[in-house]
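Open your viewer and follow along, one selection at a time. Each stop tells you what to pick and what you will find there.

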Amino acid sequence: MLAPLGVTPGDMPLDVTSIIMSVIIAIAAMQVAGGMDYLIDLAERVLRR
C-alpha cells in the first residue's frame, strides 16, 4: 500500500512507544503513591524562594 506521496510507511517505532508507555506507568504509580503531591509541594517551595 502506498501513501499519498508514493512512500511506503515504515515500521512502528517500538523503542519510542515503550519509553512513552514506561513514563506513563511511572507517572501513574507516583500519583497513586502520593509522589506527585510531594513533587508539586517541593516545586512550590522552590519557586516561592
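Helices here are DSSP runs of H or I with at least four residues, strands are runs of E with at least two, and both are numbered from the N terminus. Before you click, note that this is a predicted model, where local features need pLDDT of at least 70, side-chain atom pairs count only at pLDDT 80 or more, and totals for chains, interfaces and linings use all residues. Residues are numbered from 1 along each chain as its sequence is written, and side-chain values use heavy atoms, leaving out hydrogens and water.

Start with aspartate 41 and arginine 45. They sit 4 residues apart in helix 2, so about one helical turn separates them. The term means a side-chain nitrogen of Lys or Arg within 4 Å of a carboxyl oxygen of Asp or Glu. Aspartate 41 is partly exposed at 34% relative accessibility, and so is arginine 45 at 43% (buried is under 20% relative accessible area, exposed over 50%, partly exposed in between, with a 1.4 Å probe and protein chains only).

How many salt bridges does the structure hold? There are 2. For another, select glutamate 44 and arginine 48, whose closest N and O atoms are 3.2 Å apart. These two are also 4 residues apart in helix 2. Arginine 48 is exposed at 68%, while glutamate 44 is partly exposed at 37%.

Finish with leucine 39, which lies in helix 2 (residues 35-48) and is partly exposed, with a relative accessible area of 40%.
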